[in-house]
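Dear colleague,

I am passing on the structure that we spoke about, and below it you will find my notes on what turned up in it. Please read them with the structure open beside you.

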Amino acid sequence: MLESQASSWIYVILFTVFFLTCIRVRGNFKFLGAFFRDLAVVRERENLFDATMKETSFIFLVLLLSGCSIGVLLCKAVPLFGADLPIRADIPAPGFTIGGELLSTIVCMAIACGYIGAMWVCYTVVGKVFSDTLHTWLWVRGFTAGTGLGAAVFFPLALLALTYPDYTLHIVAAGFVMLILVKFLFIVKGFRIFFTESSLWVVFLYYLCSLEIVPLVITFGLACALLG
């Protein structure tokens, strides 16, 4: 009964963010086209910085949807590799208690959203330190586009993980493959923007470890530590 109640609230969170995203994108499907363009194109554009309030709010919502969906998958993945039990501490709330599966999932959602936000900041800072503003924003928008488009897969996978717990391993594996694909496309774009000389291969390897691999390991380790 408690697990069913927890799942219901997780559905509410996911669908609330999903519907808000749909409302924002309604009549503005050009935003989706911009995502595909930002993920693949490295050509410099004069209107790169001309983001409207609607586009900014849509980007925020779609990244939030992606983060929450990844958080659900992360919560399902942790017992497979790390912690065995959900968080047992309870937090009183009006009309119900946040605990167990629900609290664990909310924590993982916060971790996943925090990871996306932290990486956005890291890419912005690193790009501006080692390059110019224009190329930095081309790079950051590539990250935003890849993560945002990933929501189209992460969201249904999160729903499947909640609905069919017996297939958790397969669903989590599919989510991991999608995450790797998103990362690969983003890394390729970054390579096309910045690494134009063969002598920069060593720098590229440092970047790969410090900004792509280590943060993922830390994020998963943090989830295991908090849920264990």
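Valine 121 counts as partly exposed because its relative accessibility is 45%, where buried means under 20% relative accessible area, exposed over 50% and partly exposed in between (1.4 Å probe, protein chains only). This is a predicted model, in which local features need pLDDT of at least 70 and side-chain atom pairs count only at pLDDT 80 or more, while totals for chains, interfaces and linings use all residues. Residues are numbered from 1 along each chain as its sequence is written, and side-chain values use heavy atoms, with hydrogens and water left out.

Valine 121 lies in helix 4, and together with Trp120, Val125, Val129 and Phe130 it makes a nonpolar surface patch of about 520 Å². Patches are made of residues with over 30% relative accessible area and no salt bridge, like charges being joined within 9 Å and nonpolar side chains (Val, Leu, Ile, Met, Phe, Trp, Tyr) within 5 Å; accessible areas come from the Shrake-Rupley method with a 1.4 Å probe, and for residues only the protein chains shown count as cover.

As for the overall fold, the chain has seven helices and two strands, in the order α-α-α-β-β-α-α-α-α along the sequence; helices (H or I, at least four residues) and strands (E, at least two) are DSSP runs, numbered from the N terminus. Of the 228 residues in the chain, 44% are buried.

The largest pocket has a volume of about 830 Å³. A pocket here is an open set of points on a 1 Å grid over the protein atoms alone, where a 1.4 Å probe fits, with protein on both sides within 12 Å along at least five of seven lines, and lining residues have an atom within 4 Å of a point; grid points are joined across faces, edges and corners, and a volume is the space filled by probe spheres set on the points. The lining of the largest pocket is made up of 31 residues, and Gly175, Phe176, Leu179, Ile180 and Leu216 lie nearest its centre. Helices 3, 4, 5, 6 and 7 each give two or more residues to this lining, with the largest share, twelve residues, coming from helix 6. By type, the lining residues are 26 nonpolar, three polar and two charged (Ala, Val, Leu, Ile, Met, Phe, Trp, Tyr, Cys and Pro count as nonpolar, Asp, Glu, Lys and Arg as charged, and the others, Gly among them, as polar).

The whole structure holds two salt bridges, each defined as a side-chain nitrogen of Lys or Arg within 4 Å of a carboxyl oxygen of Asp or Glu. In one, the side chains of glutamate 212 and lysine 183 meet at 2.9 Å, N to O; glutamate 212 lies in helix 7 and lysine 183 in helix 6, so the pair ties together parts that are 29 residues apart in sequence. Glutamate 212 is buried at a relative accessible area of 4%, and lysine 183 is buried at 10%. In the other, lysine 76 and glutamate 101 meet at 3.5 Å, N to O, which links helix 3 to helix 4 across 25 residues; lysine 76 and glutamate 101 are both buried.

Finally, phenylalanine 154 in helix 5 is buried, with a relative accessible area of 3%, and its C-alpha lies 9.5 Å from that of phenylalanine 176.

With best wishes
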